[in-house]
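I am opening a notebook on this structure and will write down what I looked up, entry by entry.

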Amino acid sequence: MKAITVEPKKPGTARYEEFPEPDLHEGSVLVEAIAVGVCGTDVEIVEGKYGWAPPGKSRLVLGHESLGRVIDPGTSSSLKKGDLVVGIVRRPDPVPCPNCAVGEWDMCRNGRYTERGIKEIHGFMSERWRIEPEYAIKVDPSLEILGVLLEPMTVITKALEQVLVVGQRAFWEPKTALVTGAGPIGLLAALRLSARDLQVHVLDRNETGPKPELVRALGATYHTGSVLDLDFNPDIIVECTGVGSVIVDSIQTVGAGGIICLTGVGAGGAAGLVVADVAAAVVLKNNVLIGSVNANKRHWYKAGKNLARADRKWLSRLITRFEKPENFKQALKRKPDDIKVVIQFSEI
Ligand SMILES: [Zn+2]
């Protein structure tokens, strides 16, 4: 079969090549790949900045935002041939730490977890892949190709769960929510927040393209420019850019008793606010800054329900480009109007 592989930490080594069939130790369920979403982590791995091959191997099969069709359900009693499935990305660490021991691998304490297509387990950008039955999530068949959005939806399902849990520390009546960054994660955050009794605002640097209209279609307000120019103080900010200046502006703008959930990762950037200023801004308003990454099985389950409930036409507009596996390099190149780019391995 063919697969998109890379030698991690070595830029320029990605290629679409002949690769051995998936090994039975990767799981008893055999799946035919339909589509795999591309995200910033894939770009970082291909650029040699991140990623680990399986132990004893030099190359890693890329891809963690999967969608496939079951060819052989193996030992699974709940899956059957033809079912649409998505693979959970993270596996618990081998110790395991207390959180992994109770199935909260997204909260792993020792960092020894593994991740498909990222850290020591092959990903899903191969014509066929295998998975353990307990890590295969069945997708509502009516979602068809949109099932490939499940993994990004899990990330936001966990992040918003964290926000709501933290909100319960005191009497809390949030009215406004701001999402910074209108990429796939930001737009899915806006979708989920707008399902609640909240005025939702999305801020992004793009003034044209599909993003403003997608936000307005949710009944939310689209902003460009600086967070500091907003004429309100959000109760909730879901930060999806990882950009230093946006994070600093968010810390200064969030309302009293507010919650900022950071989902984006960057490095360096704005020096506008030094650490003691952050403390002053956060302490005096009882604000909470939380980081959120990954998702556990509960979030995958809930995300599947949420995705199946969402407006299909709106969801389909998040996928702005399909590429063939042989053109994967094009898929990894960001174009101005891209939201989610998907590599399609076979017809739905
Ligand atoms: Zn752990």
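**Ground rules and first look**

I began with D93, which counts as buried because its relative accessibility is 3%; buried means under 20% relative accessible area, exposed over 50%, and partly exposed in between, with a 1.4 Å probe and protein chains only. I note that this is a predicted model, in which local features need pLDDT of at least 70 and side-chain atom pairs count only at pLDDT 80 or more, while totals for chains, interfaces and linings use all residues. Residues are numbered from 1 along each chain as its sequence is written, and side-chain values use heavy atoms, with hydrogens and water left out.

**Zinc site**

I looked up what holds the zinc ion and found the protein donors D93 (OD), C97 (SG), C100 (SG) and C108 (SG), at 1.9 to 2.3 Å from it. Donors here are N, O and S atoms within 2.8 Å of the metal (3.2 Å for Na, K and Ca), and since water is not among the atoms, sites may look incomplete. Along the sequence, the donor residues follow the spacing D-x3-C-x2-C-x7-C. I call the arrangement tetrahedral because the angles among the four donor atoms run from 98 to 121 degrees, and four donors count as tetrahedral if all angles lie between 85 and 135 degrees. C100 is buried as well, with a relative accessible area of 6%. I also noted that the peptide bond from V95 to P96 is cis, with omega near -15 degrees, and that P96 sits in the loop between β7 (90–91) and α2 (98–101). Helices (H or I, at least four residues) and strands (E, at least two) are DSSP runs, numbered from the N terminus.

**Nonpolar cores**

Next I turned to the largest nonpolar core, which has 92 residues, and in which V238, L315 and L318 have the most contacts. Such a core is a set of buried Ala, Val, Leu, Ile, Met, Phe, Trp, Tyr and Cys residues joined through side-chain atoms within 4.5 Å. A second, separate core has 13 residues, including L178, L230, V254 and I260. Leaving aside neighbours within four places in sequence, L315 is in contact (heavy atoms within 4.5 Å) with L143, L146, L149, L188, L191, L307 and A310.

**Helices α3 and α8**

In α8, I found H299, W300, A303, N306, L307 and A308 to be buried, and what covers these buried residues includes β6 (84–87), β11 (136–138), α3 (150–167), α4 (184–194) and α9 (312–316). Helix α3 is itself mostly covered, as 15 of its 18 residues are buried.

**Loop residues**

I then checked L218, in the loop between α5 (211–216) and β14 (221–223), and it is buried, with a relative accessible area of 18%. The C-alpha atoms of L218 and W314 are separated by 8.8 Å, although the two residues are 96 apart along the chain.

E144, in the loop between β11 and α3, is partly exposed, with a relative accessible area of 46%. N294, in the loop between β17 (288–291) and α8, is buried, with a relative accessible area of 13%.

Notes
Four donors count as tetrahedral if all angles lie between 85 and 135 degrees; four count as square planar and six as octahedral if opposite donors are over 155 degrees apart and all others between 65 and 115; anything else is irregular.
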